[in-house]
Amino acid sequence: MGERKPCASRCLAIPEIIYEVASHLQQDLLSASTCSRMWYETLIPLRSKFARVYSRDAVSFLEFLSSNARAVHNCQTLRIVPDERKSEDDDQEEDSGEEEDNEKVTNEPENTHGMSPISRILDLFSKGGRLKFFMYALPGESEMPLPEDVWVALRKLSKTLQGLHIELTENHWHTFLSSQYSNLQYLDLSLDTDEGFSSFDRSFDPKNALITFLHQLKNLQKLRLYLGIQFDGTNLSELYFPELQSLLLSSKTQGVKIKQFITKHTTLRSLDMYSESDIGPFAEHDLPNLAALQVSPSAIPWFQDVLAASSSRKQPIRHLQIAGAGPELNSANLQQLIAPLGKLLRCFELVFWNRNARLLSMLENVSRMFSGLVELSLLMLHEDDGQEAGAVDMGSILKCFATSESLLAISVSDPLAEPFSEEDVEAFAALLPSRLRYLVWKRDTFRIERKGHAIKAVRTQHPKSCRGNRYMRDWHEDMVFDHLKEDYGV
């Protein structure tokens, strides 16, 4: 009788246990699948669930799908990466299940059987798959256009697709905007170009095409729209999405009519606006369900009445981000415009575009005005803007909140700052707020563990990674806590 294998080895030969173990491996699925033939076969559904494929390797992925019907059936998200350069987001976070599933690279021609490899991949999904989400040309990636037949092939998936996250070059607008995707719940669409003139045929009006396209999306819950100068004069007022909960609008032109569109969508929980248009003030009764607001300093006055009435609103604003904060945002402005949020504000984000702002003076007022603040986030976007101010000092920030009894998380990102070790974090023990649980410094997340008066900093995964694929999350879900759900027990 042969020697019995250890219990662990026998357990790891059972497909159900392999699957359960692998579901927690996140970035290592491809490596795990090389353990044995059984592991390879068992992990196909997991590896293909969130597929990330570089466009140059589309032929390899096509071959993989052609010989693995289960992979076609189980793939829910397909992300096509334009080139070999990874985006900044890829360096910062690899989401659970998102796997670069390219078996090999071949030299097969880019176009076979009259169809490009990517369009043939989409054709496979249309015949035997359940693809729900398609992504292409995300922030930080090149804008290399896909073949025209890709956008034609994508139409075949209109019955299963629930989300699109794409940036389109101008020559593909006509094909895409004339398509039907009536089941979409999520749309992130960038229609911008650096060209100052239109190359369209005179029979094509991109503004009317956009409105017609959006009209069909009655199930839309999240909309992110980036509009270039070709959309000057676009009137969104006639559009209505009964279930819309989240809106991001970024417009380079002053003529986009958006205010009536916003006010009629009383279901909105999250709003993010960057517009050259002077929208004007909202009334205090507008946006009754708004809980997360992201604005620039110049747009804060538009929401002054909404903010002022926060204490009497059934749904108070819990999460506020001010993007582009600079010298014009000072303590007086905070006191006048934002202070009415008072103890109801749970998360405050400040995104700085330069280092002229009087940060510490501002933070002292933040600590005093928002006594119920649970999370603070500071982001410096520029490394060097010709000013003498150096990197953000964590010790000085902590001193502003040392007596806080509500703060659970502090996040600071500054390209000039040096990384922290666990020992560096523990050195701030005397300054840490009494209930602080997380400190995020640059790309590192530390969980604060306490035993008596001693603390221990433990490097850990950022909690946002537990909230699903990062491209499907809303901006307010990228924090340590989701303040709209107030999940502070997690």
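Me: Which strand is Gln-321 found in?
Reply: Happy to start there, with the note that this is a predicted model. The strand in question covers residues 319-325, a range that takes in Gln-321. Its label is E11.

Me: Is Gln-321 buried or exposed?
Reply: The relative accessible area of Gln-321 is 8%. Buried means under 20%, so with its 8% Gln-321 counts as buried.

Me: Which side chain does the side chain of Gln-321 join in a polar contact of 3.1 Å?
Reply: Let's look at the surroundings of Gln-321 beyond four places in sequence: its contacts there include Tyr-274, Leu-293, Val-351 and Trp-475. Glu-349 is also in that set of contacts. The polar contact, side chain to side chain at 3.1 Å, is with Glu-349.

Me: How many residues of the lining of the largest cavity are nonpolar?
Reply: Eleven residues line the largest cavity, with Tyr-136, Met-144, Pro-145, Glu-167 and Thr-169 closest to its centre. Two members of the lining are polar and two are charged. The nonpolar ones number seven.

Me: How many residues lining the second largest pocket are polar?
Reply: This pocket has a volume of about 610 Å³. Its lining is made of 29 residues, and Tyr-186, Lys-222, Met-472, Arg-473 and Glu-477 lie nearest the centre. Six of the lining residues are nonpolar and nine are charged, while the polar ones number 14.

Me: How many disulfides does the structure hold?
Reply: A disulfide is a covalent bond between the sulfur atoms of two cysteines. To count here, a pair of cysteine sulfur atoms must lie within 2.5 Å. The number of disulfides in the structure is zero.

Me: How far apart in space are Lys-456 and Phe-446, C-alpha to C-alpha?
Reply: Lys-456 lies in strand E17, which spans residues 454-460. Beyond four places in sequence, Lys-456 is in contact with Glu-426, Arg-447, Ile-448 and Glu-449. Phe-446 is ten residues from Lys-456 in sequence, and their C-alpha to C-alpha distance is 9.3 Å.

Technical notes. Residues are numbered from 1 along each chain as its sequence is written. This is a predicted model: local features need pLDDT of at least 70, side-chain atom pairs count only at pLDDT 80 or more; totals for chains, interfaces and linings use all residues. Side-chain values use heavy atoms; hydrogens and water are left out. Helices (H or I, at least four residues) and strands (E, at least two) are DSSP runs, numbered from the N terminus. Buried means under 20% relative accessible area, exposed over 50%, partly exposed in between (1.4 Å probe, protein chains only). A polar contact is a pair of N or O atoms within 3.5 Å; within protein, one must be able to donate a hydrogen and the other to accept it, and residues adjacent in sequence count only if both atoms are side-chain atoms. Contact means heavy atoms within 4.5 Å. On a 1 Å grid over the protein atoms alone, a cavity is a set of points where a 1.4 Å probe fits but cannot get out, and a pocket is an open set with protein on both sides within 12 Å along at least five of seven lines; lining residues have an atom within 4 Å of a point. Ala, Val, Leu, Ile, Met, Phe, Trp, Tyr, Cys and Pro count as nonpolar, Asp, Glu, Lys and Arg as charged, and the others, Gly among them, as polar. Grid points are joined across faces, edges and corners, and a volume is the space filled by probe spheres set on the points.
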